[in-house]
There are 2 protein chains.
Amino acid sequence: MPENRRFLLVRRPHGTPVPEDFSLVSEAIPTPPPGGFVVRNHYASLDPAQRGWMDDAPSYMPPIPLGDPVRATTVGVVHSSDNPDFPPGQWVLGMNALEDYSVSAPGGFTMPVDISIVDSPSKYLSAMGAVGLTGYFGLLEVAKPQAGETLLISGAAGAVGSVVGQIGKIAGLKVVGIAGGGEKCRRLIEDYSFDAAIDYKGKSVEHLAAEIHAALPEGANIIFENVGGDVMDAELLNLAKKARVVLCGLISEYNAPERIGVRNLWQVLAQEATLYGYLVMDYAPRFAEAGAIMAEWMAEGRLRIDEDVQTGLENTYDVFMRLFSGANTGKLVLQIA
Amino acid sequence: MPENRRFLLVRRPHGTPVPEDFSLVSEAIPTPPPGGFVVRNHYASLDPAQRGWMDDAPSYMPPIPLGDPVRATTVGVVHSSDNPDFPPGQWVLGMNALEDYSVSAPGGFTMPVDISIVDSPSKYLSAMGAVGLTGYFGLLEVAKPQAGETLLISGAAGAVGSVVGQIGKIAGLKVVGIAGGGEKCRRLIEDYSFDAAIDYKGKSVEHLAAEIHAALPEGANIIFENVGGDVMDAELLNLAKKARVVLCGLISEYNAPERIGVRNLWQVLAQEATLYGYLVMDYAPRFAEAGAIMAEWMAEGRLRIDEDVQTGLENTYDVFMRLFSGANTGKLVLQIA
């Protein structure tokens, strides 16, 4: 008889999570609540953000309650339903959990998805998930690029950064990426068609700023910021007049003991730049529209997103830890069924 | 026989200017160049920016050449002219110099002014000059306030800050100002009709942030930033969702040995705020339109701008130094004629 395996958070991690913080249990498959449905999860997104949700700290999402399964975006198939808009067999995307079956309902990010337009349903967790759509809306709707402009990306070899750079090329921009190490820089050029790549490792702000200037003597019309700190300080020394800075992430700060911020804020004033704090959630009503465009670009071979698909709910802890060991390359996805 | 006294820069100041850096000379009154005219200067604006122009350092304006009179915005009367658009007797505003008579020409910021709408032509150097118009366009055109929103101003007792706060009240905003010392805070409330005033002196970022929160528990929809550093860090902890930050000045940095910037940049992302680097020059084509509105507000008693008018070109050095001793209250103006 089929069961519902669930990966529960049973203790709040102290620093790096350990296996004892979790428990894999087996329960009966749930039944649909009034107006809701039950999803058979096929793929789940694994992201650094989930580590934050395990802490008992205020954030843009509430902490995961102890004893609940670990919250995750999943794509799966409606298993049983009390809602005619989500009939059994319908593929759906939603904020569910690391478990075989999730109770779901319309609302929030729950939406039907069309898997006929992608080579794998997992694409709804990468190219057409938060990662891809963060890049899509951040570049096209926040920065509003014009063909011929320049685009400078930090964290460029990351999942978001590599999508932003490729969409930048589709939009007719000159694209320069900043990444850590020669191998990542090689991928920016060879895999993602960036015009230039700069390795930030071991360089002072002044040195890095000079390398950016050499690659972009005309300055950056758009900066897509994933990193912050010294890298951002070097970028701000290369703003073109009236540049737009999309502030998407500050990963250099996430494990820092205190806030770092930026020192070269004066450049924002002197160059009359605009800095946009950006969260993709605002664009949720347009996710389907954007996803269809992303799917078309992928089908045409113009957009590539690398996925690191690992299998088995029983391996969840080990797979999740790939995020922090640097073992994963591309968007990390757990295949559940 | 009338002469043209000119206050020349003869040596680049090292730190605080000394009298030997300047020379007051007397020359013949110039004659109009083809298409140009000569202005009899009546009032000249004295601003901290002029100190910057005395240095041989790149900025948004070229350095004042040694041997030239000190550049200044002036308002005066056309004395002689080779241009029918600027006939003798016409009052004009323009970027001229600290001298009795300046050679001028159409273009740039040179424009005829209507002195019938103001109680003194000096108003074109304060309320309707860069100071007033910086506040006007920065608040109304960059931040685009909606009645009922909240406005937080740093450097609020300064010439720009006090104008921003008063226009904020005209626009129906709740206005809170941050200033240094009890006397300045008293003026914010009593002279400029702010809703609340906060003294930043001697307070940590956390302490100041808590005082802002007490005055604005709903957070700041708009921040008008003149200061930067710790004050801005405290403000950023009080952003309302989707706040707009007008980055107008960072006076805490001007004499600092290195750039300070901000540490709480994360808040810009988390609150989806937008930060606008802002220079008023972009709005030059609309200065006359805005000046007329400002004049109307002044005539109606809704806008007050304090001027510190000192007299005599022979006293220029002493008057200029009032900017740095803290002696001046209100916009510093030198009356030449």
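This is a predicted model: local features need pLDDT of at least 70, side-chain atom pairs count only at pLDDT 80 or more; totals for chains, interfaces and linings use all residues.
# Notebook: two chains and where they meet

I started with the interface: 25 residues of chain B are in contact with 25 residues of chain A. I then asked which elements supply the chain B side. Those giving two or more residues to it are α7 (266-270) and β13 (274-277) of chain B. By residue type, I get 15 nonpolar, 6 polar and 4 charged on that side of chain B.

**Strands across the interface**

I looked up how β13 of one chain sits against β13 of the other. Strand β13 (residues 274-277) of chain A is joined to β13(B) by 3 bridges, and the two run antiparallel. For a landmark on screen, I picked Y276(A), which stands opposite T274(B) in β13(B).

**Symmetry**

What takes chain B onto chain A? I get a rotation of 180° with 0.0 Å of shift along its axis, and the RMSD is 0.1 Å. That is how a two-fold axis relates two copies.

**Core**

I went to the largest nonpolar core, which has 197 residues. The members touching the most other members are F224(A), V246(A), L247(A), F224(B), V246(B) and L247(B). I followed L247(B) further. Setting aside neighbours within four places in sequence, I find L247(B) in contact with V268(A) and L269(A) of the other chain, and with E225(B), L275(B), Y276(B), G277(B) and Y278(B) of its own.

**Chain A overall**

I counted elements in chain A and have 9 helices and 15 strands. Along the principal axes, its C-alpha trace spans about 65 × 45 × 35 Å. I have 48% of the 337 residues counting as buried. Among contacts in chain A with a separation of 6 or more, 65% are between residues 24 or more positions apart.

**Strands β8 and β9, chain A**

I looked at strand β9 (residues 174-179) of chain A and found it mostly covered, with 5 of its 6 residues buried. Strand β8 (residues 150-154) of chain A is joined to β9(A) by 5 bridges, and this pair runs parallel. The residue pair I noted is L152(A), which stands opposite V176(A) in β9(A).

**Helix α6, chain B**

I checked α6 (residues 229-236) of chain B for burial. Here 6 of the 8 residues are buried, so the helix is largely enclosed by the rest of the structure. The buried ones are V231(B), M232(B), D233(B), A234(B), E235(B) and L236(B). What do they pack against? My list is β8 (150-154), β9 (174-179), α5 (205-215), β11 (220-225), β12 and α7 of chain B. α7 of chain B also gives residues to the side that touches chain A.

**Positive phi, chain B**

K242(B) has phi near 60° and sits in strand β12 (residues 239-247) of chain B. K242(B) counts as exposed because it has 12 C-beta neighbours inside 10 Å. E272(B) has a positive phi of about 55° and lies in the loop between α7 and β13 of chain B. With 17 other C-beta atoms within 10 Å, E272(B) is partly exposed.

**Spot checks, chain A**

Is P62(A) buried or exposed? P62(A) is in the loop between α1 (48-53) and β4 (71-81) of chain A, and with 10 C-beta neighbours inside 10 Å it counts as exposed. From P62(A) to P33(A), 29 residues apart along the chain, the C-alpha separation is 23 Å.

My last stop was E141(A), in helix α2 (residues 130-143) of chain A. E141(A) counts as partly exposed, with 15 C-beta neighbours inside 10 Å. The C-alpha atoms of E141(A) and A28(A), 113 residues apart along the chain, are 44 Å apart.

Technical notes:
Residues are numbered from 1 along each chain as its sequence is written. Chains are lettered from A and ligands numbered from 1 in the order in which they are written. Two residues are in contact if their C-beta atoms, placed from the backbone, lie within 7 Å. Helices (H or I, at least four residues) and strands (E, at least two) are DSSP runs, numbered from the N terminus. Ala, Val, Leu, Ile, Met, Phe, Trp, Tyr, Cys and Pro count as nonpolar, Asp, Glu, Lys and Arg as charged, and the others, Gly among them, as polar. Two strands pair if DSSP finds at least two bridges between them. Copies are superposed by least squares on the C-alpha atoms of residues with pLDDT of at least 70 in both. A residue is buried if 20 or more other C-beta atoms lie within 10 Å of its own, exposed if 12 or fewer, and partly exposed in between; C-beta atoms are placed from the backbone. A nonpolar core is a set of buried Ala, Val, Leu, Ile, Met, Phe, Trp, Tyr and Cys residues joined through C-beta atoms within 7 Å.
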